[in-house]
Amino acid sequence: ERIGGGPLLLKLHYTADPKKRAAVNCLRPFGKVCFVCEEVDKLFALAKMESDPADAKVITDKAKDMAAKYRVFANIIDIDHPEKGVQRFAFGPDVERKLRACFVDDDGEFRDITDPTSGRDIIMEVQKKAQSDWNEYTTVRAKEKVSPLADKDWLLSIADLSELTKEPSAADVEKA
């Protein structure tokens, strides 16, 4: 699903092995039966029937790990490393909500922060979450002043994110 014509929202299953992290699109958004989602549903049901809270937590945690996660993909320029050019950036719904808020000014009016001449840079402060490999975005806000795109050639390097929306085969999902 496109968000405002730019970023792309996908529902992904991740591989169980964190050392070989890979993702595959969930089959449900394609109107197909997703056997991973069905297994997740069964595990959640099993956890509800479990009388031992510790065992129920183990089952619930496994279900959560297997469940499809929403990820948003966008083309970005890392202003601290402009030499890298246009990059694909993936983030979760929490960061997406914070970024969406950057499109609203102090008066509650829409502003197009993505415009090449009148847009704004986004300031993001990132820390590692405690006892986790995941990032926490403590600050996500648009700069107050307009910051035109430094290199207009970047516009020619924007990747087509629609390649990420391809329907996987059942074998691809099973492999993941």
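Entry 1: I started with Phe110, which is exposed, at 61% relative accessible area (exposed means over 50%, buried under 20%, and partly exposed in between, with a 1.4 Å probe and protein chains only). Phe103 comes out at 23% relative accessibility, so I wrote it down as partly exposed.

**Entry 2: a note on the model.** This is a predicted model, where local features need pLDDT of at least 70 and side-chain atom pairs count only at pLDDT 80 or more, while totals for chains, interfaces and linings use all residues. Residues are numbered from 1 along each chain as its sequence is written, and side-chain values use heavy atoms, with hydrogens and water left out.

**Entry 3: aromatic pairs.** Rings of Phe, Tyr and Trp (its six-membered ring) pair if their centres lie within 6.5 Å; planes under 30 degrees apart are stacked, over 60 edge-to-face, and the rest tilted. I found three aromatic pairs by this rule. One of them is Phe89 with Tyr137, edge-to-face, at 6.4 Å centre to centre and 70 degrees between the planes. Phe89 sits in strand 4 and Tyr137 in strand 6, so this pair ties together parts 48 residues apart in sequence (strands are DSSP runs of E, at least two residues; helices are H or I, at least four; both are numbered from the N terminus). Both Phe89 and Tyr137 are buried. Phe103 and Phe110, in turn, form a stacked pair, with 5.9 Å between centres and 15 degrees between planes. I also noted one aromatic cluster, made of Phe89, Phe91 and Tyr137.

**Entry 4: the core.** Which residues make up the largest nonpolar core? There are 11, including Phe89, Phe91, Val95, Ile113 and Tyr137 (a nonpolar core is a set of buried Ala, Val, Leu, Ile, Met, Phe, Trp, Tyr and Cys residues joined through side-chain atoms within 4.5 Å). Strand 3 (69-77), strand 4 (86-91), helix 3 (93-101) and strand 6 (135-142) each give at least two residues to this core. Strand 6 has the largest share, with three residues. A second, separate core has eight residues, among them Cys26, Leu27, Cys34 and Val173. I jotted a reminder beside this: in soluble globular proteins, nonpolar side chains tend to be buried together.

**Entry 5: neighbours of Tyr137.** Leaving out residues up to four places away in sequence, I listed Phe89, Val95, Lys98, Met124, Glu125 and Val126 as touching Tyr137 (contact means heavy atoms within 4.5 Å).
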